Amino acid sequence: MNDVYCEHIVKRKTGKWALACRYMIVGATILVTYYGMFLLAFYGLFLGLILSFLCVYVFKNTNIEYEYQFISGDLDIDVIFSKKKRKRARRFNIRNVEVFAPADSDVFKQYEHYRENKAYKVVDYSSGYPNREKYAFVVSMGENGMAKVIFEPNKKMVDAIRNYIPSKMHS
């Protein structure tokens, strides 16, 4: 058979809200532990310990990577938290794609009328860095409407997708 396999991992940029959460939880942990030990003795230390666990949880869930796997017509997008925990975000059959092009292409303007209906979602699985080359595709989600999926494949993956859907690929 003519099986194709490509994979690519992209680290997501830590957003402003995630950085703010990190700073606030670390600051709160230090303040509560330090002052709590003097004012509340054991209970202050216990509160500091709870905040430390919360701090670990926040750091784990704000360190995100996306892994794209293209396997013979199926595009799997996984979310990896702290390089340890993996969760399947979505699986797309690339043959169901209506249009595939660079994310800033004018091809997607014809789908903007779906956005007013709220039957058109924009899902971003990219790194969040503005200077990187992003691609997008529009796919039907069945009864849930349509979705524009933004991601950052490498050249090998774009070429493999082009071989599967040459008529739906736009430059």
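Author: In this predicted model, strand β3, which covers residues 74-81, has seven of its eight residues buried, so the strand is largely enclosed by the rest of the structure. Buried here stands for a relative accessible area under 20%, and for the chain as a whole, 38% of the 171 residues count as buried.

Strand β3 has a pairing partner in strand β2, residues 64-71, and these two run in the antiparallel sense over eight bridges. Within that pairing, F70 stands opposite L75 of β3. The hairpin that β2 and β3 make has two residues between the strands, and S72 there takes a positive phi near 45°.

Strand β3 also pairs with strand β4, residues 85-93, again in the antiparallel sense and over eight bridges. In this pairing, R90 of β4 is the bridge partner of I77. The hairpin formed by β3 and β4 has three residues between the strands, and S82 in its turn has a positive phi of about 55°.

To place this part in the chain, which has four helices and eight strands, one can read the order of elements along the sequence as β-α-α-β-β-β-β-α-β-β-β-α. The radius of gyration of the chain is 21 Å, well over the 16 Å that the globule rule gives for 171 residues, so the chain is more spread out than a compact globule. Its C-alpha atoms fill a box of roughly 70 × 40 × 35 Å along the principal axes. Among contacts between residues at least 6 apart in sequence, 61% join residues at least 24 apart.

Conventions. Residues numbered from 1 in each chain as written. Predicted model: local features only at pLDDT ≥ 70, side-chain atom pairs only at ≥ 80, totals over all residues. Heavy atoms only, no water. Rg over C-alpha atoms; globule rule 2.2 N^0.38 Å. Buried < 20%, exposed > 50% of the residue type's maximum accessible area, 1.4 Å probe, protein only. Contact = heavy atoms within 4.5 Å. Pairing = 2+ DSSP bridges.
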